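Here are a few friendly notes to read with the structure open beside you. Take the points in order and find each residue as you go.

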Amino acid sequence: MNHRTSRPAPAHPAGRVVLVGLAILGVTVAAFLMRRSLETASHPSNMSNTATTTSTTAGSNGPNGPNGPSGPSGPSGSSPTAEVRRLPTGPRAHTALGSDDGVVPDGTTVSVFDQAVPAVGRLDPDLLAALRGAARAAEAAGVRMHVDSGWRSPEYQQRLLDDAVAEYGSLEKAARWVATPQTSAHVLGEAVDLGPYAATAWLSRHGAAYGLCQIYANESWHYELRPDAVGDGCPAMYADPTEDPRMRR
C-alpha cells in the first residue's frame with residue numbers, strides 16, 4: 001500500500017479579506033467609543049443641557065411655562081420657549097364687542113358726519129344735528145372735532161363699568177366715571193364724548209349756542225343736548241356723575 005504525506009490546503013484569499021475587514025471595523029469602533037468618552041469627560045453638561053431644553057419646551061404650559069410663576073407674568077420674567085395663546089379672564093372674557101355695540105377702536109378717528117358708524121348714527125337725532133352744526137362752525141375756525149364715544153349698547157356699557165370697577169377697586173369709585181347700563185345717557189344715545197382737546201375747549205366757549213353742554217366737571221369730553229342753553233346758557237355742572245339725580249334711578 002502506498003502512503004502519501006498530506007499537506008495543508010492553502011488559505012482562501014476571500015477569508016483573508018474578511019479577517020482584515022473585521023480588524024479594521026474593531027479598531028474604528030474602539031476609536032469612536034474612546035472619542036465619545038473623551039468628549040463627555042471634557043463637557044459633562046452636554047447631556048443635562050439637552051434634557052433641560054427638552055423639558056422646558058414640552059412643559060411651556062406647566063408651572064415653569066409662560067402661564068406659570070416663572071413665565072412673563074411671574075417673578076423671573078423669563079421668556080417662554082413656545083407661543084401660547086392666553087384665554088381672556090374677568091370682564092373681558094365676555095362675548096366680543098364690536099362696532100355694532102358702539103365701540104370706537106383706539107387710535108381711530110370718527111367724524112361726527114359718519115352716519116355709517118353706529119356710535120354716531122345711533123345718537124339721538126336732535127343731539128346729532130346740534131353736534132354737526134357745532135362741528136361745521138368749529139371747522140370754519142380751524143378746529144376739527146371727532147367722536148371718541150357716542151351711542152353704546154347695554155353690553156358695551158356694562159363692559160366699561162366692569163373694567164372701571166377692576167381699575168378703581170369698587171363700584172362706588174367707578175361710579176364717578178362710568179354709569180350703569182340702566183342709567184347711562186350713552187345707552188340712550190343722548191351723550192357723546194368728543195376730542196381732541198382743542199375741540200372740547202372750543203365747545204366750552206361756544207357749545208351753549210348749539211345747545212351742547214358739558215355735564216360733569218370731571219369729564220371735559222362728555223357733552224349732552226340742553227336746548228334751553230341756546231337762550232339761557234348751560235346749567236351748572238355736577239362735580240361727577242354721582243351727583244346726577246339720573247344716576248339714582
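1. Start with tyrosine 216, which counts as buried because its relative accessibility is 3%, and buried means under 20%. Keep in mind as you look that this is a predicted model.

2. Which aromatic pairs does the model hold? A search of the whole structure finds two of them. One is formed by tryptophan 202 and tyrosine 210: their ring centres are 6.3 Å apart, the planes make an angle of 35°, and the pair is tilted. Tryptophan 202 is buried, at 7% relative accessible area, whereas tyrosine 210 is partly exposed, at 29%.

3. Tyrosine 216 belongs to an aromatic pair too, with tyrosine 238. Their ring centres lie 6.3 Å apart and their planes meet at 35°, so this pair is tilted. Tyrosine 216 sits in the loop between strand E4 (212-214) and E5, while tyrosine 238 is in the segment after helix H8 (229-232), so the pair ties together parts that are 22 residues apart in sequence. With a relative accessible area of 28%, tyrosine 238 is partly exposed.

4. Next, find arginine 122 and tryptophan 151. The charged end of arginine 122 sits over the ring of tryptophan 151, 4.7 Å from the ring's centre.

5. Now turn to strand E3, residues 191-195. Is this strand mostly covered or mostly open? E3 is mostly covered, with five of its five residues buried. You can check this face by face: Ala191, Asp193 and Gly195 are buried on one side, and Val192 and Leu194 are buried on the other.

6. Which strands pair with E3? Strand E2 (residues 146-149) pairs with E3 in the antiparallel sense, over three bridges.

7. Finish with glycine 107, in the loop between helix H2 (46-58) and strand E1 (110-111). Is glycine 107 buried or exposed? Glycine 107 counts as exposed because its relative accessibility is 85%, and the cut-off for exposed is over 50%. The C-alpha atoms of glycine 107 and aspartate 148 are separated by 9.6 Å, although the two residues are 41 residues apart along the chain.

Terms used
Residues are numbered from 1 along each chain as its sequence is written. This is a predicted model: local features need pLDDT of at least 70, side-chain atom pairs count only at pLDDT 80 or more; totals for chains, interfaces and linings use all residues. Side-chain values use heavy atoms; hydrogens and water are left out. Buried means under 20% relative accessible area, exposed over 50%, partly exposed in between (1.4 Å probe, protein chains only). Helices (H or I, at least four residues) and strands (E, at least two) are DSSP runs, numbered from the N terminus. Two strands pair if DSSP finds at least two bridges between them. Rings of Phe, Tyr and Trp (its six-membered ring) pair if their centres lie within 6.5 Å; planes under 30 degrees apart count as stacked, over 60 as edge-to-face and the rest as tilted. A charge sits over a ring if NZ of Lys or CZ of Arg is within 6 Å of the ring centre and within 35 degrees of the ring normal.
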